[in-house]
Amino acid sequence: MQREGSAFSGLGVVMLKELSDHLTSIRFFVLELLVVVIALVTVYLATAQIKETVAEDPFLLLKLFTTARDPSPFSFLFFLSFLVPLIAIGMGFDSVNSEHNQRTLSRILSQPIYRDALLFGKFLGGLATLAIGLVVLWLLVIGLGLLFIGIPPGGEEIARIFVFLLVTIVYAGVWLALALLFSILFRSAATAALASLGLWLFLYVIWPMLAGQIAQIIAPPDPRYLALGLQTPGTAVLEQILSRLSPSTLFGEIVVALLDPTTRALGPIYLSQLQGAVLGAPLPFGESVLIAWPQMVGMIATAIVLFVIGYVIFQRQEVRA
Amino acid sequence: MIADAVIEAHGLTKTYGSAVAVDHISFSVGRGEIFGLLGPNGAGKTTTILMMLGLTEISEGEVRVLGFNPAREPLSVKRRVGYLPDTVGFYDNLTAADNLRYTARLIGFRAMEREKRIAAALDRVGLAEFADKAVGTFSRGMRQRLGLAEIVMKGAQIAILDEPTSGLDPYATTELLGIIRGFKAEGVSVLLSSHLLERVQSVCDRVALFSAGKIALMGSVPDLGRQVLGGGYVVDIEADGVGLPERLALIPGVSGVEKTGIGKLRLHADRDVRPEAAAEVVAMQGRLKYLGVQEASLEAIYTRYFEDKPEEAMKEGARHAA
């Protein structure tokens with residue numbers, strides 16, 4: 001039976017409230033300040049490095065995001081890949097359980113809206129906050145880059161940077177959906193925060209190492225390849241499949257394809273694929289996007305799946321405290 | 001059943017697994033009536049309320065609120081019904097007016113109407129001067145009043161109040177009950193739940209006494225008194241006069257006279273014998289200092305009811321302990 005009225009009535013109201021709550025919160029201010037300071041430092045160091053080494057690169061602006069001052073690994077991208085999850089978790093870990101704990105949930109749900117609107121509004125409000133923060137950050141980095149390097153960006157560079165921005169917002173969305181899920185599962189905000197951060201650490205740091213070990217157990221390396229000092233293809237492919245279960249891996253792969261136009265493939269490369277290729281020559285923008293397309297779809301799907309799990313649990317949850 | 005009913009429940013049941021929280025209850029609330037759901041904590045009052053609002057699934061039975069089925073048409077129900085949850089919460093960082101603004105937006109009031117309604121509602125509950133104060137600084141009584149302001153702002157036809165007076169000091173309770181009486185005066189039906197029997201008795205037209213998920217007793221307080229405590233009236237008199245007890249015992253309807261102190265008498269009668277008793281004292285040229293009839297109190301009704309049914313009271317105790 002069809003239920004009465006629209007599931008989205010009140011959605012905009014909830015979203016705007018969440019957005020205004022986030023933007024005026026001290027938490028968001030602190031996190032954003034952290035990111036801006038790191039952006040300033042890393043971009044400054046990157047420009048210094050770029051001036052010394054790769055003055056002839058046609059994609060200078062992209063280098064701004066990925067270059068680190070030798071010998072440190074701390075590029076803007078490096079910080080971004082772990083700060084974005086941190087901020088997203090910070091936006092989401094107490095969004096539903098705080099309504100429980102403040103005892104506002106039953107009062108709000110007794111207004112003529114569905115639970116859908118509340119949950120979806122909270123997700124969109126958080127995502128909008130993250131998007132605003134990231135857009136500001138991007139403009140800042142590009143602006144600083146222009147000031148320091150002084151070369152106007154090409155159309156293709158802008159396109160790549162724009163897609164990179166969208167991908168980063170989706171990446172943030174994955175972690176936001178995860179934090180939202182935990183905020184539904186756990187009544188205590190501290191538990192939800194710890195669970196989110198724990199899972200993030202696991203997926204970001206431990207899983208890539210573990211993926212290699214598991215792959216070797218499931219598909220042991222062939223001694224003939226080992227004798228030649230090569231990776232066994234089966235093992236390598238399995239390791240990659242496993243490691244791609246982590247959104248961090250997916251994000252990393254997409255970024256490589258987008259920001260390094262010479263990237264030709266994200267998996268093992270077979271000799272047949274290299275026939276006729278001009279090594280080191282950049283791919284056109286469309287081709288780079290195509291290479292990372294499965295990863296992008298995978299990341300969007302992850303966000304949707306996490307949100308839907310949370311949605312189903314939230315729909316069945318008792319509202320009483 | 002009542003002809004002009006705004007809430008009608010038939011065999012309403014809620015089960016959690018094998019545990020039965022609400023067990024086939026039926027009741028109805030008339031337009032402009034104050035109806036009390038009374039009983040100890042955990043007796044199923046809040047669950048019943050949540051089912052009426054469509055906030056929890058109904059396991060069995062049916063409820064109609066203003067003719068709508070809350071399970072199928074929750075928005076129509078929630079648009080017309082105001083709900084004050086048990087220990088209501090507000091966003092502490094927002095002001096009282098901003099909290100109401102958020103609700104008003106969710107309801108869908110336009111900007112002009114919104115401001116007008118909010119100002120009127122805050123004024124009505126006496127919070128007008130606190131409109132721009134953060135709710136975090138509010139006392140419990142002020143929060144409850146803000147919750148009532150939300151119902152006023154909504155223009156609800158039914159106000160459902162869950163434990164509105166729990167945890168309030170006597171002054172705040174009196175204020176709150178005053179506002180609730182105001183609802184009735186405007187034709188708003190009120191359904192309120194409470195475990196504080198005495199306080200609620202004074203405002204309710206009819207009550208339903210809950211016990212272990214069932215309605216044990218239902219009706220107006222005097223009716224219940226007659227039903228449970230027996231038909232008798234108890235009249236207390238304080239007066240002096242020689243031979244007064246004997247004279248009073250002769251009044252038709254009086255079944256017994258009892259001395260309760262110096263110059264204090266208690267009459268047991270099958271009707272209200274105050275006029276006759278007063279006339280007797282005056283006729284003897286005695287001095288009448290006090291004359292009162294004991295109203296049937298919910299407390300007494302409740303205690304007596306469970307005295308007669310000790311096994312249910314035991315179950316109640318076990319639920320409490322759990």
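Mentor: Let us begin with pairing: two strands pair if DSSP finds at least two bridges between them. Helices (H or I, at least four residues) and strands (E, at least two) are themselves DSSP runs, numbered from the N terminus. Before we apply this, note that the model is predicted, that local features need pLDDT of at least 70, and that side-chain atom pairs count only at pLDDT 80 or more, while totals for chains, interfaces and linings use all residues. Residues are numbered from 1 along each chain as its sequence is written, and chains are lettered from A, and ligands numbered from 1, in the order in which they are written.

Trainee: Over how many bridges do β10(B) and β12(B) pair, and in which sense?

Mentor: They pair over 6 bridges in the antiparallel sense, and within that pairing B:Y233 has B:A269 of β12(B) as its bridge partner. β10(B) is also joined to β13(B) by 6 bridges, again running antiparallel, and there B:I237 stands opposite B:L291.

Trainee: In what order do the strands of this sheet lie?

Mentor: The sheet is open, and its 4 strands follow the order β11-β12-β10-β13 in chain B, with antiparallel pairing. Its edge strands, each pairing on one side only, are β11 (254-261) and β13 (287-293) of chain B. From one strand to the next the twist averages 20°, where axes are lines fitted to C-alpha atoms, for helices over the stretch in contact, and angles run from 0 to 180 degrees between N-to-C directions.

Trainee: Which helix packs on the sheet?

Mentor: Here we need contact, which holds for two residues if their C-beta atoms, placed from the backbone, lie within 7 Å. Helix α10 (residues 274-283) of chain B packs on the sheet, touching β10 (233-240), β12 and β13 of chain B, and its direction makes about 170° with that of β13(B).

Trainee: Why do the buried residues of α8(B) line one face of the helix?

Mentor: In general, an α-helix has 3.6 residues a turn, so residues three or four places apart point the same way. In helix α8 (residues 221-229) of chain B, the buried residues are B:V221, B:L224, B:G225 and B:V228. Seen down the axis of α8(B), they fall within an arc of 105°, so they line one face; the arc is that of the directions from the helix axis to the C-beta atoms.

Trainee: How many residues of chain A are in contact with chain B?

Mentor: There are 19 residues of chain A in contact with 24 residues of chain B. On the chain A side, α1 (11-24) and α6 (105-109) each supply at least two residues, and α6(A) gives the largest share, 3 residues.

Trainee: How is chain B divided into domains?

Mentor: Domain bounds come from an automatic or database domain assignment, which for chain B gives domain 1 (5-219) and domain 2 (230-322). Taken over C-alpha atoms, the centres of these domains of chain B are separated by 36 Å.

Key
A residue is buried if 20 or more other C-beta atoms lie within 10 Å of its own, exposed if 12 or fewer, and partly exposed in between; C-beta atoms are placed from the backbone.
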